Amino acid sequence: MYQWPRYDVYNPFYLEHRVSPDLIRRFQAKSDNRKLYGSVSDLRPSALPGSFDVSRSMFDLRSPPHRFMKCKDLSWPSSCGENPRIYVKGILTLPKPVQFKSSAKEGCNDIEFMETFVFAIKLQSLQAVRLVFKIQTQTPRKKTIGECSLALRELSSEESSHWLGISPPSKAPVCRAELQVGTCFQAINRRIQLQILEAQNLPVSSTPLSSNFFVKVGMFSTEGLMYKKKTRLLKSTNGKVKWGEMMIFPVSQAEQGISFLIKLYSRSSVRRKHFLGQIWISSDSSNSEAVEQWQDTMANPEKVVVKWYSIGPS
């Protein structure tokens with residue numbers, strides 16, 4: 001058990017391989033009276049298989065289709081050697097980050113992991129953060145060889161599986177902010193309503209003073225920039241800001257190739273703004289979610305379409 005401030009992390013399958021056969025027999029004899037996870041106060045006897053506190057998927061990982069959980073097509077720098085020991089470090093980006101890690105495996109292109117981690121954390125807190133994975137070498141020396149992350153805003157009691165693309169580690173701090181945007185085409189009035197709703201997982205200021213955040217929006221056509229607007233400057237609370245602002249952009253029938261460029265900024269106490277990332281919403285955006293939102297908006301006048309976006313630097 002890895003204990004961090006206010007949280008307990010328990011990996012039952014990692015532990016099971018490291019206890020003596022005698023202890024396993026003892027636990028099996030009392031399997032109806034134990035519980036695999038929880039805060040310290042929760043580790044009291046209770047019925048495990050029928051417990052509603054634990055996701056059923058935790059007990060299904062050894063049966064198909066979950067028999068093997070793989071890290072596929074993995075590669076690493078030659079400086080790490082031919083077969084370094086590799087493990088996965090996980091981070092829940094809460095205000096006080098929760099960290100955990102798998103056991104180390106001998107390096108190969110497809111590494112099989114079969115480990116479960118259980119957290120006693122409120123669902124509402126988790127839905128506002130990301131789960132970050134770092135692929136690291138243990139030997140010959142500690143080194144991060146890849147990274148990936150997943151937003152947990154859709155996290156629920158229903159099990160979901162994800163394949164995450166592993167990217168090379170970045171030396172610069174990575175902004176993992178997310179922005180919620182709504183769009184509506186009001187055909188009768190010939191205008192587009194853009195809603196800047198909220199942002200989450202915003203970077204935390206390194207100084208005692210909290211940062212302020214705002215969003216700039218530019219509407220473009222084939223003729224270039226048509227209009228530009230921006231939101232209020234608001235302080236973040238636990239990495240979240242809620243603007244709930246509506247912007248109206250008139251559209252004429254002559255205008256073609258309409259697109260919106262949405263940029264997220266932070267501003268420090270010395271009034272120096274810092275660009276965090278942007279998203280294009282248009283029919284030819286490089287983001288498939290943005291294309292889907294635009295097409296849905298234009299095909300269904302008066303319908304409000306809302307989506308979350310991970311803010312990228314380009």
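Asparagine 201 is buried, with a relative accessible area of 12%; buried here means under 20% relative accessible area, exposed over 50%, and partly exposed in between, with a 1.4 Å probe and protein chains only. The model is predicted, so local features need pLDDT of at least 70 and side-chain atom pairs count only at pLDDT 80 or more, while totals for chains, interfaces and linings use all residues. Residues are numbered from 1 along each chain as its sequence is written, and side-chain values use heavy atoms, with hydrogens and water left out.

| Residue | Phi | Loop | Relative accessible area |
|---|---|---|---|
| Asparagine 201 | about 60° | between β12 (191-200) and β13 (212-221) | 12% |
| Glutamate 302 | about 75° | between α5 (288-299) and β19 (305-310) | 44% |

Asparagine 201 has a positive phi although it is not a glycine. Glutamate 302, likewise not a glycine, also has a positive phi, and it is partly exposed.

The chain contains 5 helices and 19 strands, taken as DSSP runs numbered from the N terminus (helices H or I, at least four residues; strands E, at least two). Of its 314 residues, 41% are buried. Among contacts (heavy atoms within 4.5 Å) with a separation of 6 or more, 58% join residues 24 or more positions apart.

The average pLDDT, the predictor's confidence in each residue from 0 to 100, is 78 for the chain, and 73% of the residues score at least 70. Over residues 1-8 the pLDDT is below 50, although this stretch has 24 contacts in the model beyond near neighbours in sequence. Residues 13-24 also have pLDDT below 50, with 14 such contacts. Where pLDDT is low, the predicted coordinates should not be read in detail.
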